[in-house]
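Student: Hi! I have a structure open and would like to talk it through with you. Could we start with how a pair of helices meets?

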Amino acid sequence: MDNPAMPTIRPPTSFRAAVLDIGSVSIRLLVVRTDPGRRMEIEFDQGIITRLMSGLTVDSVLTDESINRSLDAITSLVQFIVDRASCRVRCIGTQALRHARNADSFMQQVERISGIPVEVISADREGRLDWRGSSDLLDPQSLLMDLGGGSTELVFGDCGGDLRVVSLPIGASRPGAIPRNLGFTILHRDGSSKNAHVPISRLVCLGGTATTVAFMTKGIERWTHGCVHGVEIGRRDIEAVRDRVMQAIDTGHHLRWGIEPGRLELLPSGIQILLEIMTRIEVEMMTVSEQGIRFGLVREMFESDLCGNQAAL
């Protein structure tokens, strides 16, 4: 079944790609394919919460427990990359591996069990891949927020087509104060900022916090790919989800919505960051994106493969 959110690019040959994303909270695998003249189709898109960033000690060392959880998850996920000889495979790491002192040792273990070398990408590249992945929801005046476990990337487009990426050292598993200066100037809707960029037309949010808020708001109990991609959620609904989550944590009550194991305890800090950013930039709605860094990298790989095939013709 064609996925309408993926770009229509017609390659001269078939193409398969897989991206393993080692994040601070979860590890996710995306596998896509395309046949000549057809859109990309998703073969597999799932993840496992391992809370790798939560396993950092005060000395910025990943604990054996968090490493073992993550290695087990990777072992489980890579079995879904079938017929690897015909598939281009990439593995990327983000904030947890940028920060951990023993990241190199962990990455060697990942390559040993999976056969895939790990590339730790910068926050700037992470933000730009996020923008490419979510491009169907964005215009040049959108603000894209990737609210991760260990960091939050803000990506802002302007009328000149340039992107500005700001990485904040806070996330769902790493709460903290949002800096007063977000790193770029935003024109408030009342026009009050003199040294401002263009106004924000839309806030688009990536990450488990945003998707879980959407599940709970829409009453979705079972996740299927694309079920909340492009869904708009208002501040009051986000605050209502926060209140239900806090009550569930306080009482031990089970929530029936499609919440991944290990996600519930991370939601209060993630929602707080989301609401504070919305207040800071004066917006009342967020648009949820399910297509971030993995989709951005797959599109980059696809376009590179397409250019290579065209050059060979």
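Tutor: Happy to. This is a predicted model. In α5, Val213, Met216 and Thr217 are in contact with Asp237, Ile238, Val241, Arg244 and Val245 of α6.

Student: What is the make-up of that contact of α5 with α6 by class?

Tutor: Five of the residues are nonpolar, one is polar and two are charged.

Student: And at what angle do the axes of α5 and α6 cross?

Tutor: They cross at roughly 90°, and the two axes come within 10 Å. Angles from 65 to 115 degrees count as roughly perpendicular, so α5 is roughly perpendicular to α6. If you want to find them, α6 covers residues 235-251 and α5 covers residues 208-218.

Student: Which strands does α5 lie across?

Tutor: Helix α5 lies across β6 (142-147), β9 (202-206), β10 and β11 (285-288). Its direction is at about 100° to β11.

Student: Nice. In what order do the strands of the six-stranded sheet come?

Tutor: The order is β8-β7-β6-β9-β11-β10, in an open sheet with mixed pairing. The edges are β8 (163-168) and β10 (232-234), each of which pairs on one side only. From one strand to the next, the twist averages 25°.

Student: How do β7 and β8 pair, parallel or antiparallel?

Tutor: Antiparallel, over six bridges, with β7 spanning residues 152-157. Within that pair, phenylalanine 156 stands opposite arginine 164 of β8.

Student: Remind me, through what do strands of a sheet pair?

Tutor: Through backbone hydrogen bonds, in either a parallel or an antiparallel sense.

Student: Back to the helices. Which strands does α7 lie across?

Tutor: Helix α7, residues 267-281, lies across β6, β7, β8, β9 and β11. It runs at about 160° to β6.

Student: Let's switch to the five-stranded sheet. What is the strand order there?

Tutor: That open sheet reads β3-β2-β1-β4-β5, and its pairing is mixed. Strands β3 (41-49) and β5 (118-120) form the edges, each pairing on one side only. Ignoring direction, neighbouring strands are turned by 20° against each other on average.

Student: Which helix packs on that sheet, touching β1, β2 and β3?

Tutor: Helix α1, residues 64-78, whose direction makes about 15° with that of β2.

Student: How many bridges join β1 to β2?

Tutor: Eight, with β1 (residues 15-22) and β2 (residues 26-34) running antiparallel. As one example, valine 19 has leucine 30 in β2 as its bridge partner.

Student: I also clicked on glutamine 79. Where is it found?

Tutor: Glutamine 79 is in the loop between α1 and β4 (88-93).

Student: Is glutamine 79 buried or exposed?

Tutor: Exposed: the relative accessible area of glutamine 79 is 55%, and exposed means over 50%.

Student: Last topic, the whole protein. How many helices and strands are there?

Tutor: Eight helices and eleven strands. The protein has 313 residues, and 53% of them count as buried.

Student: And what does the accessible surface come to?

Tutor: About 13,900 Å², with 48% belonging to carbon and sulfur atoms.

Student: What share of the contacts between residues at least 6 apart in sequence joins residues at least 24 apart?

Tutor: For this protein, 69% of those contacts do.

Conventions
Residues numbered from 1 in each chain as written. Predicted model: local features only at pLDDT ≥ 70, side-chain atom pairs only at ≥ 80, totals over all residues. Heavy atoms only, no water. Pairing = 2+ DSSP bridges. Helix = DSSP H or I, 4+ residues; strand = E, 2+ residues; numbered from the N terminus. Axes fitted to C-alpha atoms, helices over the stretch in contact; angles between N-to-C directions. Contact = heavy atoms within 4.5 Å. Parallel < 35°, antiparallel > 145°, perpendicular 65-115°, else oblique. Nonpolar A, V, L, I, M, F, W, Y, C, P; charged D, E, K, R; others polar. Buried < 20%, exposed > 50% of the residue type's maximum accessible area, 1.4 Å probe, protein only. Areas by Shrake-Rupley, 256 points an atom, 1.4 Å probe, with all protein chains shown as cover.
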